[in-house]
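Subject: Structure handover

Hi,

Here is the structure for you to take over. My notes follow below it.

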Amino acid sequence: MFRKNISTILFFTLLSIYILLLSSCTKESIKIPITTNSEKAKELYVKGLSLSDRLRGQEAVKYFDDAIALDSNFAMAYIGLAFADANPNHFFANIQKAMSLKDKVSDGERLWIEAVDAQVNNQTNELRSILKELIDLYPDDERAYNFMGTAYFATQEYKESITYYLEALKINPDYSPVYNQLGYAYRFLKNFNEAEKMFQKYIELIPNDPNPYDSYGELLMEMGEFDKSIANYKKALSVNPYFTFSYLGIASNLNYKDEHVQARNMLQKLLVSAKNDNQKRIAYNGIIISYIDEGNLAAALKTTNEMRQLAINTSDTITLANEYIPLGILYIEMGKLSKAKDIFDRSIQLVQNSSFSKQMKINAIQNISVDIAFVDIKRGKYEIARKKAENFFVYASEQNNPNLIRLAYQLYGMIALAEKEYETAIEYLRKSDQNNPYNIYRIALAYENLGDTERANSYFSKAAHANLVSNRNYSYIREKALKKIHP
């Protein structure tokens, strides 16, 4: 598993990009210091930090909690807890608590906390400016470089991210999390040989942890080595039976082998044994994706409503607002446009009434406007959709966020495709997120309509064989793309 930038608009985008924490050292050292009035709290924090580095967040929660119990003003422990705790409400509360303490810690910690806040609020320029200052202040701290690498990774600027990751390894060649990130960066650049080297080194460094096998399994899956991939995911589960993302990996492989029932049986095991609602949601999401991949949208809808009940039962409005987005997209795919629009409107209401910061509310509502534009396109209201696209492009440009700019181009491309302006559609869609198989499929459709069968089949094949782990966009088009190249 990597710290991925999942496409939903709220907190899971942030939770999936794993933010690394700080080193344990004294204020006089060359590393970023830790401010706490309790040596025991510091010791607990460092243990939690070590677990978080290895993506064992649920295990880390207790250590961060205990550290805070000993020192209620332990700012970095709140940051650690925010990213270890799966509850989104706790996430925002812990970030806000850390922000309230930033003037009581060292300059390095203050910059780190401000960087996290900038990332939470989607402020790309501010984030990178802060991290540059952090690196200038602590040029010998591998975590500062790793954070900057992750900031570039999150916006799909993989070559730049690699530069910073390699700088981190110059400082500490045995710093295992960097090899995981490097593996994914090289993988997204389609340099599978180098990616494999990084994951093998990752396994070598921490062979008794599950994530190295999980990450290598994901690479093997994309390469079409489904049985080898499953073996690595099973190895991860043999190390830690509760490493939930490996269940998704096995299920994804089984889906691509057209063994959907077996895939859902695997996820049902996770659902039954889940220790908390977050693990249940992971299982539900995997089951939903399996149904979509199989073409059974009605069953996917039924399971989606079962999953939403978790948030309803706990009055978790933040999670509910987030879950409305894929539900609305599902309704679009089912042709139920009025229901989709109603769902997106409800999500906006929940966001407006949430405890999000002002900037986060703006970010969320802007993103939902794109989803509403999808409905407009399906209804043939192209001018209305184009106006939304123009407004969103201005917003994305002001934020200087490459991911948002790509989303704006996707919207422009979808409008052009619907209006049968195929060359224009291709021009826009090539500037959209190329890690989204649905965009690759849209480019293929444009070439097909232009009569360019060779290029169309090339893009259909690329979309069909993306082999991504538990990806909704992919599940909607995989079988369609396969049928195009194997009618």
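Helix 13 (residues 226-239) and helix 14 (residues 244-256) cross at roughly 160°, and their axes come within 9 Å. Angles over 145 degrees count as roughly antiparallel, so helix 13 and helix 14 are roughly antiparallel to each other. Their crossing is left-handed. Keep in mind that this is a predicted model.

From helix 13, the residues that meet helix 14 are Phe 226, Ser 229, Ile 230, Tyr 233, Lys 234, Ala 236 and Leu 237. Helix 14 answers with Ser 246, Tyr 247, Gly 249, Ile 250, Asn 253, Leu 254 and Tyr 256. Sorted by class, the contact of helix 13 with helix 14 has nine nonpolar residues, four polar and one charged.

Next, helix 6 and helix 7.

Helix 6 covers residues 107-120. Helix 7 covers residues 124-137. Their axes come within 9 Å and cross at roughly 160°. Helix 6 and helix 7 are therefore roughly antiparallel to each other. This crossing is left-handed.

On the helix 6 side, the contact uses Asp 107, Gly 108, Arg 110, Leu 111, Trp 112, Glu 114, Ala 115, Ala 118 and Gln 119. On the helix 7 side, the residues are Glu 126, Leu 127, Ile 130, Leu 131, Glu 133, Leu 134 and Leu 137. The contact of helix 6 with helix 7 divides into nine nonpolar, two polar and five charged residues.

Helix 6 also holds Glu 109. Is Glu 109 buried or exposed? Its relative accessible area is 0%. Buried means under 20%, so Glu 109 is buried. Which side chain does the side chain of Glu 109 make a polar contact with? The partner is the side chain of Ser 106, at 2.8 Å.

Compare another glutamate. Glu 423 sits in helix 23 (residues 422-429). Its relative accessibility is 60%. The cut-off for exposed is over 50%, so Glu 423 counts as exposed. Glu 423 and Glu 479 are 56 residues apart along the chain, and their C-alpha atoms are separated by 25 Å.

Now helix 25 and helix 26.

Helix 25 spans 453-464 and helix 26 spans 472-485. They pack at an angle of about 135°, with axes 8 Å apart.

Helix 25 makes the contact through Asn 457, Phe 460, Ser 461, Ala 463 and Ala 464. Helix 26 contributes Tyr 474, Ile 477, Arg 478, Ala 481, Leu 482, Lys 484 and Ile 485. By class, the contact of helix 25 with helix 26 has eight nonpolar, two polar and two charged residues.

The loop between helix 25 and helix 26 holds Asn 467. Asn 467 has a positive phi of about 50°, although it is not a glycine. Its relative accessible area is 6%, so Asn 467 is buried.

Ser 315 has a positive phi too, near 55°, and is a residue other than glycine. Ser 315 lies in the loop between helix 17 (297-313) and helix 18 (317-333). Its relative accessibility is 62%, so Ser 315 counts as exposed.

Two more residues to look at:

- Gly 183 is in helix 10 (residues 176-188). With a relative accessible area of 0%, Gly 183 is buried. Leaving out residues up to four places away in sequence, Gly 183 touches Ala 195, Met 198 and Phe 199. Gly 183 and Tyr 152 are 31 residues apart in sequence and 15 Å apart in space, C-alpha to C-alpha.
- Val 46 is in helix 2 (residues 39-53). At 29% relative accessibility, Val 46 counts as partly exposed. The C-alpha atoms of Val 46 and Ala 60 are separated by 9.8 Å, and the two residues are 14 residues apart along the chain.

Best wishes

Notes: Residues numbered from 1 in each chain as written. Predicted model: local features only at pLDDT ≥ 70, side-chain atom pairs only at ≥ 80, totals over all residues. Heavy atoms only, no water. Helix = DSSP H or I, 4+ residues; strand = E, 2+ residues; numbered from the N terminus. Buried < 20%, exposed > 50% of the residue type's maximum accessible area, 1.4 Å probe, protein only. Polar contact = N/O pair within 3.5 Å; in protein donor to acceptor, adjacent residues only side chain to side chain. Axes fitted to C-alpha atoms, helices over the stretch in contact; angles between N-to-C directions. Contact = heavy atoms within 4.5 Å. Nonpolar A, V, L, I, M, F, W, Y, C, P; charged D, E, K, R; others polar. Parallel < 35°, antiparallel > 145°, perpendicular 65-115°, else oblique. Left-handed = near helix turned anticlockwise from the far one by under 90°.
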